[in-house]
Amino acid sequence: GGVALNCVANGKIAAEGLFENIWIQPASGDSGGALGAALAATHLHLKTPRNVRKPDAMASCALGPEFSQNEIEDALTRSGAKFSVIPDDDLWPDTAAALADGEVTGWFQGRMEFGPRALGQRSILGDPRDPAMQKKLNLKIKFRESFRPFAPSILAEDAADWFDMPRPDSPYMLLVTTVAEKHRKITTEEAEAHHGLEDQDIQRSDIPAVTHTNFSARVQTVQHKNNPRYHALLHAFKQKTGCPVLINTSFNVRGEPIVASPAEAFRCFMATGMDRLVIGNCVLKKTEQNPSLATDYHIHQ
């Protein structure tokens, strides 16, 4: 089951310092059962050797389908989308500037993630410095309760400066830690006294949209070698704002699976309050789309 997906427990185990290294299988839920069955068959029945790959063989969970630039453009054209094509050197600063201006951005790059976490391949991104961003994402994008917390993605090289990292990295967003004291805006005592739903609007840190009531956050560290496109965007956002952190939530709404194709991404984009969609090198702005293509998700409680 998904026992190892308990990020709070994982964070406590890491913080105890009992082990030299901790590695958590990032698809350790139902989807990982197929992987476990295949591994059991190949090692126990076919007697193939077990060769350890470091850090792991999961390739940042980017093991799902991907689409070429031509396939993306064809799919968007068939969907009736209006888009521009921007080269990489301009894509990073352009998207970072939009995020810094408060635009909620759908981010669709490379291979889809395998496992329960969006890791910068099929993500919805936002500015964590904006105190209103958490509520905006929940109510207008995810269609769920306004208090639900979001996870931060951060450049791996800056993680120790912004968070109390019990281990140097958390590439699969499977550890809960706390925002570093230098980035907090209230004391621990004040946080403990104001932790109810009525206190959600209190700014607890420099990145309030990803800081829970007790300063905790489920961190994803991003390395260039594992996810160069997402790393480049985070780096551009840091250059623009001085903050190496973005909100990262899965590219879907409540009651729907994560989007897998460009057509699904465009449908989700048009059915929510997302401002911008970036698929490969295609950039879509909500204000430029045909309003008749807007759809509604029917969310059942």
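Author: Let's start with a term: two strands pair if DSSP finds at least two bridges between them. Keep in mind that this model is predicted.

Reader: Happy to start there. In which sense do β2 and strand β9 pair, and over how many bridges?

Author: Strand β2 and strand β9 (residues 276-279) pair in the parallel sense, and four bridges link them. To place one of these partners, look at G106: its bridge partner in β9 is L277.

Reader: And how does β2 run relative to strand β3?

Author: Those two strands are antiparallel, with four bridges joining β2 to β3 (residues 122-126). Here you can look at F108, whose bridge partner in β3 is R122.

Reader: Now the side chains. Which residues of strand β2 point one way, and which the other?

Author: The general idea first: side chains in a regular strand alternate between the two faces of the sheet. In β2 (residues 105-108), T105 and W107 point one way, while G106 and F108 point the other way.

Reader: Are those β2 residues buried or exposed?

Author: All of them are buried. Buried stands for under 20% relative accessible area. Across the chain, 46% of the 301 residues count as buried.

Reader: Let's zoom out, then. How many helices and strands are there in the chain?

Author: The chain has nine helices and 10 strands. Its radius of gyration is 20 Å, close to the 19 Å from the globule rule for 301 residues, so the chain is as compact as a globular protein of that length. Along the principal axes, its C-alpha trace spans about 60 × 55 × 40 Å.

Technical notes:
Residues numbered from 1 in each chain as written. Predicted model: local features only at pLDDT ≥ 70, side-chain atom pairs only at ≥ 80, totals over all residues. Heavy atoms only, no water. Buried < 20%, exposed > 50% of the residue type's maximum accessible area, 1.4 Å probe, protein only. Rg over C-alpha atoms; globule rule 2.2 N^0.38 Å.
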